[in-house]
Amino acid sequence: MLELFRQEVETQVSLLNQGLLNLESHPESAAIETLMRSAHSIKGAARIASLDSVVKLAHSLEDCFVAIQSQRVTAGADQIDTLLRSIDWLQSLSRVQEANLLSWLESQTAEIVAIQSAIAALMPADFEQRRATSLTTVEPSSLNQELQQEEQTLETTMNAVIVPIDRVVRVSAENLNRIMGLAGESLVEATWLQPFADSFNALRARQKELAQLLDGVHTAMAESDGNAEGQQLLDQARRKAQEGRELLSDRLSELELYARRTTNLSDRLYQEVITSHMRPFTDGVEGFPRMVRDLARQLNKQVNLDFVGKGTPVDGEFLKKLEAPLTHILRNAVDHGIELPADRVAAGKTPGGTVRL
């Protein structure tokens, strides 16, 4: 149950990070509903797993998102900083192994209280009173009904301990590499069939030559009035040669068809394994918008990070190795490639700059 909870938090944290950055840059977007759903999902999963401290924190987040939606809290940079602090903590939670989760939560009591206090400081003084009034006087919204339904579904899923709906299966890199090796061997073995079929073609050519020689002998014997017994034996040899040639031709056609099908199947298997080893480039850059945003805040700069080709498939292991150099390049781009807003305006540019990857 705790492992399923941890996986749920890991999934929702990614959505929360993306949603908050989207909300900061596009306050008028529908990102707030995504944020509310994610906070609600974490709250429901924590309740099922009996983690009261996480339930309270997620509840505080959900309340804050509700206040932002009703425009009683402004989603400015300072407010986003506070909310991102809570997301960072949840991300740390998602990385704790199941066996250590309860003890880790006990050690985090002070941090949880501090985060909840920071969120509470964002809220209007009369929020709790207004919320209580709205709960008793207003009909449930369609979103609230959807959230309740999603929580029931989540509870059913966690209690049944079934595979998540997206059917994601985690496979170790070593296991995947072994499968790739076997697929490669299968592809190599399949290529052996064609040379084997080619050798049968050579044998068929030899049989054709033999048939021609037998025809020549038959003609010579007919012209020289050879004995009847020899002629009969020669006719039998010609018939056997013809039968063998036809049989060989049929089997060779079947072998060539089998060779093509096996090679095609092995190639498709190999390509599927290669594809399973690939991940969209966006999987490796999920943390970059947050990193660029935080660095820009530290440097008092306005920076927009733009990606081109996020769907490009990249080898998973290679993608991991790209993270460190790309992080270095992006930090340098923000630090040295983008001027301060005042300097940009003085140079006739917009206050904010764009880094495109």
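**Reading a bent helix**

Analyst: Helix H13 bends by about 35° at Glu-323, and a proline, Pro-325, follows within four residues. The bend at a residue is the angle between axes fitted to the seven residues ending there and the seven starting there, while helices are DSSP runs (H or I, at least four residues) numbered from the N terminus. This is a predicted model, in which local features need pLDDT of at least 70 and side-chain atom pairs count only at pLDDT 80 or more, whereas totals for chains, interfaces and linings use all residues. Residues are numbered from 1 along each chain as its sequence is written, and side-chain values use heavy atoms, leaving out hydrogens and water.

User: What span does H13 reach from its first C-alpha to its last?

Analyst: The expected span of a helix is 1.5 Å times one less than its number of residues; H13 (residues 316-337), with 22 residues, reaches 29 Å, close to the 32 Å expected.

User: Which residues of H13 are buried?

Analyst: Buried means under 20% relative accessible area and exposed over 50%, with partly exposed in between (1.4 Å probe, protein chains only); in H13 the buried residues are Gly-316, Leu-319, Leu-326, Leu-330 and Val-334.

User: Where does Ser-50 lie, and is Ser-50 buried or exposed?

Analyst: Ser-50 lies in the loop between helix H2 (31-48) and helix H3 (52-69), and it counts as exposed because its relative accessible area is 58%. Although Ser-50 is not a glycine, it has a positive phi of about 60°.

Key:
Helices (H or I, at least four residues) and strands (E, at least two) are DSSP runs, numbered from the N terminus.
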